[in-house]
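Subject: Structure handover

Hello,

Here is the structure I said I would pass on. My notes on it follow below.

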Amino acid sequence: MKLTGDGVVWWNGALVPWSQAQVHVATHALHYASSVFEGIRSYPTPSGPAVLQLVPHVRRMIDSCRIVNLPLTYDEQQLARAVLDTVRANGHDSSYIRPLAYRGYGQLGVDPSKCPVDVAVIVIEHGAHFGVEALEHGIDMCVSSWRRLAPDTLPALAKSAANYLNSQLVILEAKANGFTDGIALDSAGFVSEGSGANVFLVSRGVLWTPDLGSSVLQGVTRNCVMQLARDAGLEIRETHIPREMLYVADEVFLTGTAAEVTPVRSIDRKPIGAGKRGPITARLQREFGDIVHGAKPDRHGWMTPVA
């Protein structure tokens, strides 16, 4: 997601030029990672751009702020309106949207209580995260040597910037070893998630995914895909998943705002199934894409028109 420096940013209640949305070097969040954020997508549809799962994303952001003691002065309706206003003002058909709440400039020290909470919404033009080819042919992953957060260290259910240092270590290690991304295990050694996406396995017609006790973020796209799987009559199991199930799965795929539904063709250089996108992955991917792009009815009310 390359930043171009164009457009406008919603910042503390007003739309400002991109170049004016700047923070001081003493901003608390720069030093102590005291921020939470969301990743949201808008898609082109026959009726114009529409935002996927706007309300669930805003609610998760509010929940994240509550978990990490980041008091917001904006409510759900105001944040949702800020997202729509910013998307509309930037004029992209397809956008990646980044709402951000962070401790600003106040005092230097671990205690954040004297620092104000600032809120911004950034919108950039965006296409396929791993590239269009990856959506068809899949990506190569590894199991990372870095574990996900233990439940009594940092809160995995909060989409907090502090958690994403772990994610950076996972993906940097993976890329240094020739993979597209990595899969992290939890503190008990069970499958957790990718650097920025949830993990699903298909085994003998059953859809498996790590439960919330496996140090995973409760992904909004994860929930969409699980709904589509239920619509298709698939059995879903949320549970602890041992590492070796990755290697013997018929299919593996990732879900996320950026990843959408991305097949995994190999893990630790072992091919998954036939080493290409499997039929259940393809079916869920196609159904997801048809709904968000308006080719099929929005039967679950996921899309919010921008206009």
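How many disulfides does the count come to? With a disulfide taken as a pair of cysteine sulfur atoms within 2.5 Å, the count comes to zero. C65 is in no disulfide, and the nearest cysteine sulfur, that of C115, lies 15 Å away.

This is a predicted model, in which local features need pLDDT of at least 70, side-chain atom pairs count only at pLDDT 80 or more, and totals for chains, interfaces and linings use all residues. Residues are numbered from 1 along each chain as its sequence is written, and side-chain values use heavy atoms, with hydrogens and water left out.

Burial: buried means under 20% relative accessible area, exposed over 50%, and partly exposed in between (1.4 Å probe, protein chains only). C65 counts as buried at 3% relative accessibility, and C142 is buried at 6%. S192, in strand β10 (residues 191-194), is buried at 1%. Leaving out residues up to four places away in sequence, S192 touches R148, A184, L185, D186, P210, S214, S215 and V216; contact means heavy atoms within 4.5 Å.

Helix packing: helices (H or I, at least four residues) and strands (E, at least two) are DSSP runs, numbered from the N terminus. Helix α2 (residues 54-67) packs against helix α3 (residues 76-90) at an angle of about 125°, with the axes 10 Å apart. L54, V55, V58, R59 and I62 in α2 meet E76, L79, A80, V83 and L84 in α3. The residues of this contact divide into eight nonpolar, no polar and two charged.

Regards

Notes. Axes fitted to C-alpha atoms, helices over the stretch in contact; angles between N-to-C directions. Nonpolar A, V, L, I, M, F, W, Y, C, P; charged D, E, K, R; others polar.
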